[in-house]
Amino acid sequence: MNQKFFMNFIIWMTGLPCSGKTTIARKLSKYIFNLAILDGDEMREWLSPNEDFSRKGINNHNKKVANLAKLLLEHHVPVCASKIAPYVENRMEARKILKKHNFVEVYVKCSVNSCEKRDVRGMYKKARNNQIKNFIGINGTYEPPINPELIVDTEHSTIEQSVQIILNYLYENKIIKKSGS
């Protein structure tokens, strides 16, 4: 997997906190030339520092990320959005905003139990102790995608395997091509 790829698309990764979205995105960036990673936590800090975690606040934040992705794509920068995007409507809105671009929704599937074990920041513990309100997966709802282009199960696959599944999908669907091809 040492080839670099060159094309314009968005990978919209969704899943529970600590499911592996950002880790996969960072690993993908080693194989996809110029891939911009829009990490949900970083984007919230930069784009929506005053938005709350209500359904409306989450929807507003997701629209901002989708519009930033659209701007990057219009400048020929491929994008990987690594976001919880917990509601079906979040992802449908992103798909609508980005309709002119190759949109690949990837469900990063992992049980709450496994995500909680991976949580180095202690967010799940704080949510269980009511220190974090509306925490997705504990006291906030996550609606799994209805019909994503891909599902990677990080509970049963390594990060490297998950990355390879995504790369294979992009290549097989002619969304990316190998350099020199």
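User: Is Lys27 buried or exposed, or does it count as something in between?

Analyst: The model is a predicted one, and what follows should be read with that in mind. Exposure is judged by relative accessible area, where buried means under 20% and exposed over 50%. Lys27 has 27% relative accessibility, so it counts as partly exposed.

User: With which residue does the side chain of Lys27 form a salt bridge?

Analyst: The general idea is that side chains of opposite charge can pair when their charged atoms come close. In this structure, the partner of Lys27 is Glu160, with a distance of 3.4 Å from N to O. The two residues belong to distant parts of the chain: Lys27 is in helix α1 (residues 21-28) and Glu160 in helix α7 (residues 159-172), 133 residues apart. Glu160 counts as partly exposed because its relative accessibility is 31%.

User: How many salt bridges does a search of the whole structure find?

Analyst: The search finds 7 salt bridges. Another of them joins the side chains of Glu105 and Arg91, at 2.9 Å from N to O. This pair also links distant parts of the chain, since Glu105 is in strand β4 (residues 103-109) and Arg91 in helix α4 (residues 88-97), 14 residues apart. Both Glu105 and Arg91 are buried.

User: Which residue meets Glu105 in a salt bridge of 3.0 Å?

Analyst: That residue is Arg95, and the distance is again taken from N to O. The accessibility of each partner should be read separately. Arg95, at 27% relative accessibility, counts as partly exposed, whereas Glu105, at 6%, counts as buried.

User: Which residues are linked with Glu105 in a network of salt bridges?

Analyst: The network links Glu105 with Arg91, Arg95 and Glu149.

User: Where do Lys63, Lys96, Lys99 and Lys100 gather?

Analyst: These four lysines gather on the surface, in a patch of positive charge. Lys99 is placed in the loop between α4 and β4, and with 63% relative accessibility Lys99 counts as exposed.

User: Is Ser162 buried or exposed?

Analyst: The same cut-off can be applied here: a residue under 20% relative accessible area is buried. Ser162 has a relative accessible area of 0%, and Ser162 is therefore buried. This serine is part of helix α7. When neighbours within four places in sequence are left aside, Ser162 is in contact with Ile24, Val152, Thr154 and Ser157.

User: What does Tyr124 touch, leaving aside its neighbours within four places in sequence?

Analyst: The contacts of Tyr124 include Leu16, Pro17, Cys18, Val112, Cys115 and Phe135. Tyr124 is located in helix α6 and counts as buried, its relative accessibility being 1%. Between the C-alpha atoms of Tyr124 and Phe135 there are 7.8 Å, and the two residues are 11 residues apart along the chain.

User: In which helix does Val112 lie?

Analyst: Val112 lies in helix α5, which covers residues 112-118. Its relative accessible area is 24%, so Val112 is partly exposed. Not counting residues up to four places away in sequence, Val112 touches Leu16, Tyr124, Arg128, Gly137 and Ile138.

User: Where is the place of Asn130?

Analyst: Asn130 sits in the loop between α6 (123-128) and β5 (150-153). Asn130 likewise has a positive phi, of about 60 degrees, although it is not a glycine.

How values were computed:
Residues numbered from 1 in each chain as written. Predicted model: local features only at pLDDT ≥ 70, side-chain atom pairs only at ≥ 80, totals over all residues. Heavy atoms only, no water. Helix = DSSP H or I, 4+ residues; strand = E, 2+ residues; numbered from the N terminus. Buried < 20%, exposed > 50% of the residue type's maximum accessible area, 1.4 Å probe, protein only. Contact = heavy atoms within 4.5 Å. Patch = residues over 30% accessible without salt bridge, like charges linked within 9 Å, V, L, I, M, F, W, Y side chains within 5 Å. Areas by Shrake-Rupley, 256 points an atom, 1.4 Å probe, with all protein chains shown as cover. Lys, Arg positive; Asp, Glu negative; His and termini not counted. Charge placed at Lys NZ, Arg CZ, Asp CG, Glu CD.
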